[in-house]
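I opened this model to go through it piece by piece. My notes follow in the order I looked things up.

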Amino acid sequence: QYQSMGYALLGEIIRHVSGKSNQQFLAEEVFIPLGMKDTSLGVPAAWESGDFSKSARIAPVELPFEQQGPDARHWNWNSPYWRGFGAPWGGMFSTLEDLIRLCRMMLAGGSLEGVDVLSPQTIRAVVSNQLAPQREVPEGERRCRPWGLGWRWNWKDHSACFCDLASPESYGHFGATGTLMFVDAERGAGAIILSTTPMERGSNWMTRLSNLLFAAIA
């Protein structure tokens, strides 16, 4: 089932195996090698220092109703606690430029500008339909709403479709706070949309916008 606790456990596995926090491991193994200089799992203390604070560039998110009450003022998406927590299931902060580099690495089979981050075999496993061999999963889910490892495919039968014009094998993910990134290997292209409108209110307009972007691709 879709849930966040698996990624909480994965973060702990990474810490036990590598001896590094999830934040440090991702920085050293993925973000820094890819040149993603403005990306971090959770807001690090270093972003608060210097002549220009990177934290000041973080756009506040439109909060859902359940995060607006006085009891939620210390843990909502815009709070210092949440931003610094670095939740493995949704605590990454980044920029359009950095995410483009991540997309290019995925399209190139795991490397970018001569730097190998993941093997081609790993990329294939990550973006393959992992539900296909699972007989206990209903056939309609396996065929129409497949998942890779952490990435889901383009569900054209679902209201949260990435793009009507992208291939069915496109893979990516929505972010609950109003973000979308997906890659279409068949077209050699992708789309990144960073907004401040929570996905539950904005997935339809994101699909329309991604349609316009893909319609513009020759």
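**Entry 1: a loop valine**

I started with Val 137, which sits in the loop between helix 5 and helix 6 (139–144). The model is predicted, so I kept that in mind throughout. Is Val 137 buried or exposed? Val 137 counts as buried, because its relative accessibility is 16% and the cut-off for buried is under 20%. I then listed its contacts, skipping residues up to four places away in sequence. Val 137 touches Leu 131 and Arg 142. I also checked Val 137 against Gln 1. They are 136 residues apart in sequence, and their C-alpha atoms are 9.9 Å apart in space.

**Entry 2: the largest nonpolar core**

I moved on to the largest nonpolar core, which has 20 residues. Which of them touch the most other members? I found Leu 34, Leu 102, Met 105, Met 106, Trp 151, Tyr 171 and Met 181. Next I asked which elements supply at least two residues each. They are helix 2 (22–31), helix 4 (96–107), helix 5 (120–127) and strand 7 (179–184). Helix 4 gives the largest share of this core, with five residues.

I took Met 105 for a closer look. Beyond its neighbours within four places in sequence, Met 105 is in contact with Leu 34, Gly 110, Ser 111, Leu 112, Val 117, Leu 118 and Ile 123. I also noted a second, separate core of twelve residues. Cys 163, Phe 182, Ala 191 and Ile 193 are among them. The general background I wrote beside this: in soluble globular proteins, nonpolar side chains tend to be buried together.

I followed the chain past helix 4. Gly 109 lies in the loop between helix 4 and strand 3 (111–112). Leaving out neighbours within four places in sequence, I found Gly 109 in contact with Leu 118, Ser 119, Pro 120 and Ile 123. I also checked Gly 109 against Tyr 81, 28 residues away along the chain. Their C-alpha atoms are separated by 36 Å.

Glu 113 came next, in the loop between strand 3 and strand 4 (115–116). Its phi is near 50°, a positive value in a residue other than glycine. Glu 113 counts as exposed, because its relative accessibility is 55% and the cut-off for exposed is over 50%.

**Entry 3: the second largest pocket**

I looked up the second largest pocket. Its volume is about 170 Å³. Which residues line it? I listed Leu 96, Ile 100, Cys 103, Arg 104, Leu 107, Gly 188, Ala 189, Gly 190, Ala 191, Ile 192 and Leu 213. By class, I count eight nonpolar, two polar and one charged. Helix 4 and strand 8 (189–194) each supply at least two lining residues. Helix 4 has the largest share of this lining, five residues.

**Entry 4: cysteines**

How many disulfides does the structure hold? I found zero. Cys 103, from the pocket lining, is in no disulfide, and the nearest cysteine sulfur, that of Cys 163, is 13 Å away. Cys 103 counts as buried, at 8% relative accessibility.

The cut-off for a disulfide is 2.5 Å between the sulfur atoms. Cys 144 is partly exposed, with a relative accessible area of 24%.

Notes: Residues are numbered from 1 along each chain as its sequence is written. This is a predicted model: local features need pLDDT of at least 70, side-chain atom pairs count only at pLDDT 80 or more; totals for chains, interfaces and linings use all residues. Side-chain values use heavy atoms; hydrogens and water are left out. A nonpolar core is a set of buried Ala, Val, Leu, Ile, Met, Phe, Trp, Tyr and Cys residues joined through side-chain atoms within 4.5 Å. Buried means under 20% relative accessible area, exposed over 50%, partly exposed in between (1.4 Å probe, protein chains only). Helices (H or I, at least four residues) and strands (E, at least two) are DSSP runs, numbered from the N terminus. Contact means heavy atoms within 4.5 Å. On a 1 Å grid over the protein atoms alone, a cavity is a set of points where a 1.4 Å probe fits but cannot get out, and a pocket is an open set with protein on both sides within 12 Å along at least five of seven lines; lining residues have an atom within 4 Å of a point. Grid points are joined across faces, edges and corners, and a volume is the space filled by probe spheres set on the points. Ala, Val, Leu, Ile, Met, Phe, Trp, Tyr, Cys and Pro count as nonpolar, Asp, Glu, Lys and Arg as charged, and the others, Gly among them, as polar.
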